[in-house]
Amino acid sequence: MIALLLACSASEPPPTALADSRLWVWRSPDRRTWTRDPEPLAEGFDSLGLAEVEPGVFRLSGLDHRRRVPGYERYLPLKTWGFEGDLDRWERGSWAVDDAGTVNFVDPQWFEGQLFYTQRDGVGGDPALDQRPNALRSSPPPTTWRSGVGLADPSPVRFEDRFLLFATSWGKGVMLFEGEPLAEVKRFGGVTVPFSVVVEGELWLLAQQTLEGARQPVLARSSDGRSWSSFERVLPADHGLKSCTSPVLAVRGEGGVLLCVEESLRPQGSPAQ
């Protein structure tokens, strides 16, 4: 029994270059001009999701590549890891994923008491590049919303009493699904990794776009969820980071808080420093 417990407690191999990424926090009094916190909130934390789970309390979800995973965890119910706080102070936390049919998931995003995520058969790398179909799911209860090759990054939102679901579709950009059953109603080319949020009665869609060789946050707006503005930069071109990917936004008064990930420049397969 002791030998079994020791074997199950062995950690996975050291993290790769994904652990070198940095999670940065930007703050704005007007959602137009932004100032970056002097130190990153975390390292090795990406695939961001953000939701206000109760008034003034926000839950930041994602993938933690710095956390050494004990072997015994593979025998326990799934969890998602992240942070919870008031946008100024954060505490690490974990939350159970109530989905016995899912073994491997990425892209966690809380919404109305449910966790949305990408259920995948492939392991490692970008789920949008998987050759086998992924499923966009939520729980509880376990529900499949859409499935297909290259689907990832679900971002649900409720706008004017309509349920909308944005997602990345490899080679197509960002897709918008609506209706029962969900059907594609719009496609946004040239962008990936959507995050949707309602701001003062307007629907905002953040995404990442490659600009001058690096992935940066961009924003489109809509007053009705059907007609959209063009995407524009969120941050100035000289903001000081190598990249600013997987952007998420929280509204606070007339301002806001933006979080994004500065990616490592080393290949993902190389060991972390």
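## S246 and its strand

Let's start with S246, which sits in strand β20 (residues 245-252). Strands here are DSSP runs of E with at least two residues, numbered from the N terminus. This is a predicted model, where local features need pLDDT of at least 70, side-chain atom pairs count only at pLDDT 80 or more, and totals for chains, interfaces and linings use all residues. Residues are numbered from 1 along each chain as its sequence is written, and side-chain values use heavy atoms, with hydrogens and water left out.

Is S246 buried or exposed? It counts as buried because its relative accessibility is 7%, and buried means under 20% relative accessible area (1.4 Å probe, protein chains only). A polar atom of the S246 side chain lies 2.9 Å from the backbone nitrogen of L48.

## A four-stranded sheet

Next up is an open sheet: 4 strands in the order β4-β5-β6-β7, with antiparallel pairing. At the edges are β4 (45-54) and β7 (90-96), each pairing on one side only. Two strands pair if DSSP finds at least two bridges between them. β6 and β7 have 7 bridges, in the antiparallel sense, and F83 stands opposite R92 in β7.

In general, strands of a sheet pair through backbone hydrogen bonds, either parallel or antiparallel.

## Y72 in its loop

Now look at the loop between β5 (57-64) and β6 (79-85): that's where Y72 lies. With a relative accessible area of 40%, Y72 is partly exposed, the class between buried and exposed, which takes over 50%.

Conventions:
A polar contact is a pair of N or O atoms within 3.5 Å; within protein, one must be able to donate a hydrogen and the other to accept it, and residues adjacent in sequence count only if both atoms are side-chain atoms.
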